[in-house]
Amino acid sequence: MGKGSNVQKAQAARERNQKKMGKSDEERKAAQAKSKADAAAFMCLACRQTFMANARPPLLYQHVIAKHPAGTDPASCFPQLKDFDPNDPKGEKKPPAGGAGGPVKPKKTNKKKDDNLDALLDAGLGGNKKKGGKK
Ligand SMILES: [Zn+2]
């Protein structure tokens with residue numbers, strides 16, 4: 001029992017798969033639409049030029065500089081450039097959120113060393129002075 005239905009099921013499944021594969025036109029359209037959307041992921045609001053999804057803010061900024069009058073607000077072309085700093089495209093110059101200002105150097109130790117050095121120099125100079133006999 002059931003042998004025939006299994007074969008039928010398998011055949012139906014195969015047909016379904018073939019139908020699926022037959023949908024490649026739709027899939028192609030979907031892929032095209034997606035790549036189209038990717039290709040126009042960014043659009044300059046001023047001149048409507050589009051940029052790929054992988055365009056980085058410096059590239060968009062370059063467009064603003066190259067295509068639009070000096071002084072154009074980059075954010076008026078690409079809202080995503082609102083926080084873009086052309087002098088700091090990677091945000092590396094921004095101070096850390098903590099604002100600690102880096103590790104604190106052990107200044108006391110350095111000063112002691114300097115003091116010791118001064119003391120040594122003084123002693124040496126003193127010795128020389130003694131030798132010079134000016135006092
Ligand atoms: Zn533009």
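Are Phe51 and Phe78 buried or exposed? Phe51 is buried, and so is Phe78; buried here means under 20% relative accessible area and exposed over 50%, with partly exposed in between, using a 1.4 Å probe and protein chains only. I will come back to that pair after some background.

This is a predicted model, in which local features need pLDDT of at least 70 and side-chain atom pairs count only at pLDDT 80 or more, while totals for chains, interfaces and linings use all residues. Residues are numbered from 1 along each chain as its sequence is written, and side-chain values use heavy atoms, with hydrogens and water left out.

Confidence next. pLDDT is the predictor's confidence in each residue, on a scale from 0 to 100. The chain has a mean pLDDT of 78, with 67% of its residues at 70 or more. Helix α5, residues 107-132, has the lowest confidence, a mean of 64, and helix α4, residues 74-77, the highest, at 96. Where pLDDT is low, the predicted coordinates should not be read in detail.

On to the fold. The chain contains five helices and two strands, in the order α-α-β-β-α-α-α from the N terminus. Helices (H or I, at least four residues) and strands (E, at least two) are DSSP runs, numbered from the N terminus. Of the 135 residues in the chain, 11% are buried. Contact means heavy atoms within 4.5 Å; among contacts between residues at least 6 apart in sequence, 27% join residues at least 24 apart.

Now the zinc ion. Which residues are its protein donors? They are Cys44 (SG), Cys47 (SG), His63 (NE2) and His68 (NE2), at 1.9 to 2.4 Å from the ion. Donors are N, O and S atoms within 2.8 Å of the metal, or 3.2 Å for Na, K and Ca; water is not among the atoms, so sites may look incomplete. The angles subtended by the four donor atoms run from 99 to 115 degrees, which makes the arrangement tetrahedral; for four donors, that label requires all angles to lie between 85 and 135 degrees. For reference, the ideal angle for four tetrahedral donors is 109.5 degrees. The sequence spacing of the donor residues is C-x2-C-x15-H-x4-H. Cys44 sits in the loop between β1 (42-43) and β2, and His63 in helix α3, so this pair ties together parts 19 residues apart in sequence.

His63 counts as buried, at 5% relative accessibility. Leaving aside residues up to four places away in sequence, His63 touches Cys44, Cys47, Gln49, Phe51, His68 and Phe78.

In the loop between β1 and β2 there is also Arg48. Arg48 has a positive phi of about 65 degrees although it is not a glycine. Most residues other than glycine have a negative phi. Arg48 is exposed, with a relative accessible area of 58%.

Back to α3. Leu60, Tyr61, His63 and Val64 are buried in this helix. They cover an arc of only 150 degrees around the axis, which puts them on the same side of α3; the arc is that of the directions from the helix axis to the C-beta atoms. The buried residues of α3 pack against β1, β2 and α4.

Finally, the aromatics. How many aromatic pairs does a search of the whole structure find? It finds two. Phe51 and Phe78 are edge-to-face, 5.6 Å centre to centre, with 75 degrees between the planes. Phe51 is in strand β2 (residues 50-51) and Phe78 in the loop between α4 and α5, 27 residues apart, so that pair links distant parts of the chain. Tyr61 and Phe84 are tilted, at 5.1 Å centre to centre and 50 degrees between the planes. Rings of Phe, Tyr and Trp (its six-membered ring) pair if their centres lie within 6.5 Å; planes under 30 degrees apart count as stacked, over 60 as edge-to-face and the rest as tilted. Both Tyr61 and Phe84 are buried.

Note on methods
Tetrahedral: all angles 85-135°; square planar, octahedral: opposite > 155°, others 65-115°.
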